[in-house]
Amino acid sequence: MEPVCVADFERLAQERLEPGAFGYYAGGAGDELALAGNVEAWRRLRLRPRVLVDVSEVSTATTVLGTPVSMPLLVAPTAIQRLAHPDAEPGMARAAAAAGTLMCLSTLATATPAEVAAAAPDAPRWFQLYVFRDRGVTRSFVEQALEHGYGAIVLTVDAPRLGRRERDLRTGFRVPEEISVPSMAALGGWEGATPLELLGAIDPSLTWDDLAELRSFAPLPLVLKGIQTAEDAALAVEHGVDAIVVSNHGGRQLDAVAPTAELLPEVVQAVEGRIEVYVDGGVRRGSEVVKALALGARAVLAGRAPLWGLACDGEAGARRVLELLRDETELALALCGCASPDDVGPAHLTSSAAQGHGQSPRPRQHP
Ligand SMILES: Cc1cc2nc3c(=O)[nH]c(=O)nc-3n(C[C@H](O)[C@H](O)[C@H](O)COP(=O)(O)O)c2cc1C
């Protein structure tokens, strides 16, 4: 049967992938409470639709850091996409471009920043950065991102160590020898590594004080990914960061954390509209994109959803998932009485979760 929603793509992907690869993509840390919590929290929120609004023309288009995108959903950075399909990151980049949205390339990609840029030269792209203990390699990847037109550096701050991924421990998952990860190759001798070995290259001593040095060799907008508290959101603003992603790494790091949908209001409140706030973790439906907007996010990032598409049918599958999420978002906007993402506000949610909302930096018209 043809997949008609993200959950269908996930089921199909499970049939097609090796158990080790599926477990690596699907799994979270520990008891997978954060993973399940993310998904559940979006589902629990309820929309409050307005009626008798002209929705003959609905646009999902918006901007992120000033860059136009077809919808408030971006492709999150996910490592080792070649495990899903030989189209890998270049295929994902073409899929994102076809769907009119932006892809964030992982440091742990199986294609170089140049190859991914060449796959979709006209599409916007960001580069997700892990700061390695080896600052020379870190710097060289930032330089490649600069040279190949990446529009922002997305520094992941929630992984000084790898979460305990028990599915990987059970399957004994290793990156297959024939799959090369250019950043790891640059570090030398990482073929066939486990995820724990890969992430072991990251510098766990990184602090807020290192951001200035990073900015000196990466003169691009800086996004921090993995913020989970109002305190850190406020520090990010103080340190001149351009945007933040409220994220718990899709439930793959610390298991005992709150779902991102629950954390979003306190972060939005702390930021007071000074920078853009994005959110990820557990988004599987376009209606959930609208819920995130109602809580004050500018956009969401989707990790596993486009990966399931890639696993099912390469670039074409990833494109179908992204277009499906765009269509679902458009329908949810129309049925909420919103002609565009800018029309969504806290009053579009029933939950008290919306109370912290209010300061996302975008124009609003509320009747
Ligand atoms: C298989 C997989 C690999 C990931 N690799 C990275 C990565 O290399 N860098 C990073 O910042 N986040 C990584 N993430 C986290 C995603 O960017 C994102 O935060 C998360 O997937 C969002 O949750 P969702 O999958 O429920 O949409 C990864 C997530 C998955 C599922």
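**View 1. The largest pocket and the residues nearest its centre.** In this predicted model, the largest pocket holds about 480 Å³ of space. Its lining is made up of 24 residues, and those that lie nearest the centre of the pocket are Thr156, Val157, Asp158, Ala159 and Pro160.

**View 2. Elements and residue classes in the lining of the largest pocket.** Two or more residues of this lining come from each of strand S6 (153–156) and strand S7 (222–227), and S7 gives the most, with 3 residues. Sorted by class, the lining of the largest pocket comprises 15 nonpolar residues, together with 6 polar and 3 charged ones.

**View 3. The second largest pocket and the residues nearest its centre.** The space in the second largest pocket amounts to about 340 Å³. Of the 16 residues that line the second largest pocket, Ala7, Glu10, Val39, Arg43 and Arg284 lie nearest its centre.

**View 4. Elements and residue classes in the lining of the second largest pocket.** The elements that give two or more residues to this lining are helix H1 (6–16), helix H2 (19–26), helix H3 (33–44) and helix H14 (304–335), with the largest share, 4 residues, coming from H3.

Definitions and conventions:
Residues are numbered from 1 along each chain as its sequence is written. This is a predicted model: local features need pLDDT of at least 70, side-chain atom pairs count only at pLDDT 80 or more; totals for chains, interfaces and linings use all residues. Side-chain values use heavy atoms; hydrogens and water are left out. On a 1 Å grid over the protein atoms alone, a cavity is a set of points where a 1.4 Å probe fits but cannot get out, and a pocket is an open set with protein on both sides within 12 Å along at least five of seven lines; lining residues have an atom within 4 Å of a point. Grid points are joined across faces, edges and corners, and a volume is the space filled by probe spheres set on the points. Ala, Val, Leu, Ile, Met, Phe, Trp, Tyr, Cys and Pro count as nonpolar, Asp, Glu, Lys and Arg as charged, and the others, Gly among them, as polar.
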